[in-house]
Amino acid sequence: MGIELLVNLSYVAAAVLFIFGLKMLGSPATARKGNLVSAVGMFIAVVVTLLDQSIIDYKWIIAGIIVGGAIGAMVARSVEMTGMPEMVALFNGFGGIASLFVGWAALYGMDASAFQLITIILSILIGGVTFSGSMVAWGKLSERISGKPLVFGGQRVFNILLILAIVISSVMFTLNPESGIFLYIVIGLALLLGIMLVIPIGGADMPVVISLLNSYSGLAACAAGIAINNIILIVAGALVGASGIILTQIMCKAMNRSLSNVLFSGFSAVSAGGAAAKIEGEVKSMTADDAYYVLEAAASVVIVPGYGMAVAQAQHVVKELQELLEQNGAEVVYAIHPVAGRMPGHMNVLLAEADVSYDLLLEMDAVNPRMETFDVAIVIGANDVVNPAAREMEGSPIYGMPVINVDMARNVFVMKRSMASGFAGIDNPLFFKENTRMLFGDAKEMLGNIIKAFS
């Protein structure tokens, strides 16, 4: 009884650390401490669980810790900021496959009740969907496969039949758990379902997909915890699942999409979408020296970062330009769209790395009402989140999506390598506006030239 009480108290302590760590992750100022606090909680949970199981031989566990820790350390140190979305997708996938294996392993050496069999099937099913879906998301984010929605005739019918097959196979397994054939069928169909759920989702929705898959990984862990009757795994999974759903809701609101629309994209009628109006006009480019003269006279500047800033690794140069503008008497703020970049919080992480004050990061709803008061809006590698087609062109695939209204600023500088469309593959009429000037080239180099002009 004493040992059981000690285990439960340790689990309570770990759960408290998870909750406090999650709370601290809500602010860039405390995010690192929050990550450390959560890690300590997980360490306590793992150690207590291993000791409670009276394991005699730890050699395979130690080997796994060493190999996994070495791989994790190497990847964490070598991954570039542009690769963070893909890394998060992989983390989600690994969490899903781990839950699948935990549920699978729970079948051995136990006389499972009907309820336990249901939770095992759920952990295997959600874990399999999370793993394969995350792998597809990783492929889209890394551009190893096309980021465009992949749809085909009969897709809706195929997915409905796939769901029915999963339900039937799951019921058959629950009725006859000794027969492994139905378990293997469920695993295979779950992996296929994960692929089918993500392939019809386009690049513009990738931040939503990342947060949704994160929620799936938590739900899978929660189901696995119920299957093996481990309280702390249930708590941890529930926290991840709930926070992932909340974040997904925030992402959906930012894109004017319903959660059901994202969840069931593969079950919607296949449509090519409306035909957007043809964009006509003349692109006007400028040099870094020209940009300097305008910025030198500006009293207020808003900077809108996007994935292009991550590619150019320009966040530190952006911070340097910000300081020069402030020394020149200008107000400088950053406008952050909730789905800028390719994962939730991507731009916040980049700017925090450059030690940009969190107080200067304004959300879309805070900056849009005062956009007309800014002398200059500098768009660095952003495309879809500043596309006025979302307001002006009913035929556009992003029509109705809230965007940062940079076109309403007095002057707009857009830094891009070329006139290529963004990750969503949509043309941007912003580039043809009368108050827009294009600065073509590498954003880091272009910003460096502007800084030299200030010097």
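Author: Arg-391 forms a salt bridge with Asp-407, and the closest N and O atoms are 2.7 Å apart; a salt bridge here is a side-chain nitrogen of Lys or Arg within 4 Å of a carboxyl oxygen of Asp or Glu. This is a predicted model, in which local features need pLDDT of at least 70 and side-chain atom pairs count only at pLDDT 80 or more, while totals for chains, interfaces and linings use all residues. Residues are numbered from 1 along each chain as its sequence is written, and side-chain values use heavy atoms, with hydrogens and water left out.

The Arg-391 to Asp-407 pair links distant parts of the chain, 16 residues apart: Arg-391 sits in helix 16 (residues 389-392), and Asp-407 in the loop between helix 16 and strand 5 (411-416). Helices (H or I, at least four residues) and strands (E, at least two) are DSSP runs, numbered from the N terminus. Asp-407 is buried, with a relative accessible area of 11%, whereas Arg-391 counts as partly exposed at 31%. Buried means under 20% relative accessible area, exposed over 50%, and partly exposed in between (1.4 Å probe, protein chains only).

Arg-391 has another partner: its side chain meets that of Glu-392 in a salt bridge (3.5 Å, N to O). Glu-392 is partly exposed, with a relative accessible area of 41%. Together with Lys-433, the residues Arg-391, Glu-392 and Asp-407 are linked in a network of salt bridges.

How many salt bridges does a search of the whole structure find? The search finds six. Among them is the one between Lys-319 and Glu-323, whose side chains meet at 3.5 Å, N to O. Both residues lie in helix 13 (residues 315-327), four residues apart, about one turn of the helix. Lys-319 is buried, with a relative accessible area of 15%, while Glu-323 is partly exposed at 35%.

An open sheet of six strands has the order 3-2-1-4-5-6, with parallel pairing; two strands pair if DSSP finds at least two bridges between them. At its edges are strand 3 (361-363) and strand 6 (436-440), each pairing on one side only. Strand 1 (residues 300-305) and strand 2 (residues 331-336) run parallel and are joined by four bridges. Ser-300 has Glu-331 in strand 2 as its bridge partner.

Rings of Phe, Tyr and Trp (its six-membered ring) pair if their centres lie within 6.5 Å; planes under 30 degrees apart count as stacked, over 60 as edge-to-face and the rest as tilted. By this rule there are five aromatic pairs. The rings of Phe-101 and Trp-104 have centres 6.5 Å apart and planes at 25 degrees, so this pair is stacked. Both residues belong to helix 4 (residues 84-105), three residues apart, about one turn of the helix. The rings of Tyr-292 and Phe-454 are 4.9 Å apart at their centres, with planes at 85 degrees, so this pair is edge-to-face. Tyr-292 lies in helix 11 (residues 288-296) and Phe-454 in helix 17 (residues 443-454), so the pair ties together parts that are 162 residues apart in sequence. Tyr-292 and Phe-454 are both buried.
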